[in-house]
Amino acid sequence: MSTYRQIIEQRPGQPASDGAGVNLIRVFAEQGIPRFDPFLMLDEFGSANPDDYVAGFPPHPHRGFETITYMIEGRMRHEDHLGNVGLLENGGVQWMTAARGIIHSEMPEQEQGVMRGFQIWLNLPGKDKLGDPGYRDFAPGEIPRLRTSGGVDALVIAGRFDDGEVQQDGAVQRPHTEPQLFDLQLQAGGRVAPRLADGLRVMLYVYEGEVHVNGNPVPKGRLVRLSEQGAVELASAGGARVLLLAGRPLGEPIVQYGPFVMNTREEIEQALRDYRDGRLAS
């Protein structure tokens with residue numbers, strides 16, 4: 001008989017604004033970051049009103065972590081100080097490693113229609129925080145997709161999906177944090193039980209419909225954080241979409257100041273000096 005992971009926290013996202021006035025839902029960030037280790041932030045953005053997003057995210061710095069941008073609808077152009085330019089489209093993903101420093105912008109490429117997606121911040125271990133920066137854009141066709149026998153379509157962005165019947169490696173693999181990132185679309189009556197290693201911190205964000213998580217109903221717009229041992233079973237009577245995030249906690253001190261995430265206050269102060277003096281991304 002399976003022992004299921006317990007729901008230890010359930011919370012709604014909160015309306016927020018970031019960049020040059022982009023309206024979004026901040027699912028979690030800053031307060032209580034250690035609870036979500038190795039993840040630092042999850043934002044959901046989505047609107048059919050251009051005034052909510054068209055100003056985008058003009059050039060801004062990052063140091064000490066990775067960002068994952070997943071577009072569901074719309075287009076977003078990335079440019080950075082290294083000369084990289086990329087265009088994310090429906091179903092595309094950008095995985096950026098800021099490490100010692102990147103200065104970049106993320107700007108919508110449209111002024112009409114829906115702009116919808118997620119941005120996730122994933123911490124780096126202390127030994128990698130001052131490593132080389134870089135990024136990769138994944139076109140929709142480069143992200144593995146599968147259909148389970150339980151009526152679930154899974155987009156496997158990172159890690160390895162395994163429900164005991166089908167297995168699929170994601171587009172990205174990372175040591176240390178071992179991120180598992182799946183977009184799960186449950187059809188009406190759909191059911192799925194992804195296998196996740198004990199010790200991983202697991203969060204589920206329901207962004208369409210309603211899902212039963214190990215028998216407990218979770219409505220749209222709620223994040224649940226689960227205990228670190230046991231099975232996970234998701235079911236939906238009417239259909240739903242769920243973003244699953246799991247990763248291995250680093251257990252290191254987390255000191256954040258805006259777009260910089262380091263292990264000590266002194267390292268944050270150094271990042272601020274480097275940015276001021278034009279050395280952050282050199």
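**Entry 1, the domains.** I began with the domain assignment, which gives domain 1 (11-142) and domain 2 (144-251). I am working with a predicted model, so I keep that in mind throughout. I looked up how far apart the two centres are: over C-alpha atoms, 21 Å separate domain 1 from domain 2. To their contact, domain 1 brings 34 residues and domain 2 brings 31 residues.

**Entry 2, the buried area.** Next I asked how much area is buried between domain 1 and domain 2. I found about 2,600 Å², with carbon and sulfur atoms giving 66% of it. Which residues of domain 1 lose the most area to domain 2? They are D37, Y70 and W95, and together they make up 20% of what that side buries.

I then turned to charged pairs. Two salt bridges are found across the interface of domain 1 and domain 2. I also looked at R174 and E66, which form a salt bridge whose closest N and O atoms are 3.0 Å apart. For polar contacts, I noted 12 residue pairs across the interface of domain 1 and domain 2.

Several elements give two or more residues to the side of domain 1 that touches domain 2, including strand 1 (7-12), helix 1 (33-36), strand 6 (65-73) and strand 11 (115-123). Which element gives the most? Strand 11 does, with five residues. I sorted the residues on this side of domain 1 too, and they divide into 21 nonpolar, four polar and nine charged.

I checked what UniProt lists. An unreviewed entry places "domain: Pirin N-terminal" at residues 27-122. Over that span I read 4% helix and 58% strand, with the end C-alpha atoms 14 Å apart. The unreviewed entry also lists "domain: Pirin C-terminal" at residues 182-280. There I read 12% helix and 45% strand, and the end C-alpha atoms lie 32 Å apart.

Most residues other than glycine have a negative phi, and most peptide bonds are trans. Where did I find a cis peptide bond? One joins D37 and P38, with omega about 15°. P38 sits in the loop between helix 1 and strand 4, and D37 is one of the residues I listed in Entry 2 for area lost to domain 2. My other spot is A99, which is not a glycine but has a positive phi of about 45°. I located A99 in the loop between strand 9 and strand 10 (102-108).

How values were computed:
Residues numbered from 1 in each chain as written. Predicted model: local features only at pLDDT ≥ 70, side-chain atom pairs only at ≥ 80, totals over all residues. Heavy atoms only, no water. Domains from an automatic or database assignment. Contact = heavy atoms within 4.5 Å. Buried area = accessible area lost by both parts, 1.4 Å probe. Salt bridge = Lys/Arg side-chain N within 4 Å of Asp/Glu carboxyl O. Polar contact = N/O pair within 3.5 Å; in protein donor to acceptor, adjacent residues only side chain to side chain. Nonpolar A, V, L, I, M, F, W, Y, C, P; charged D, E, K, R; others polar. UniProt positions renumbered as here; feature names shortened; annotations may be inferred.
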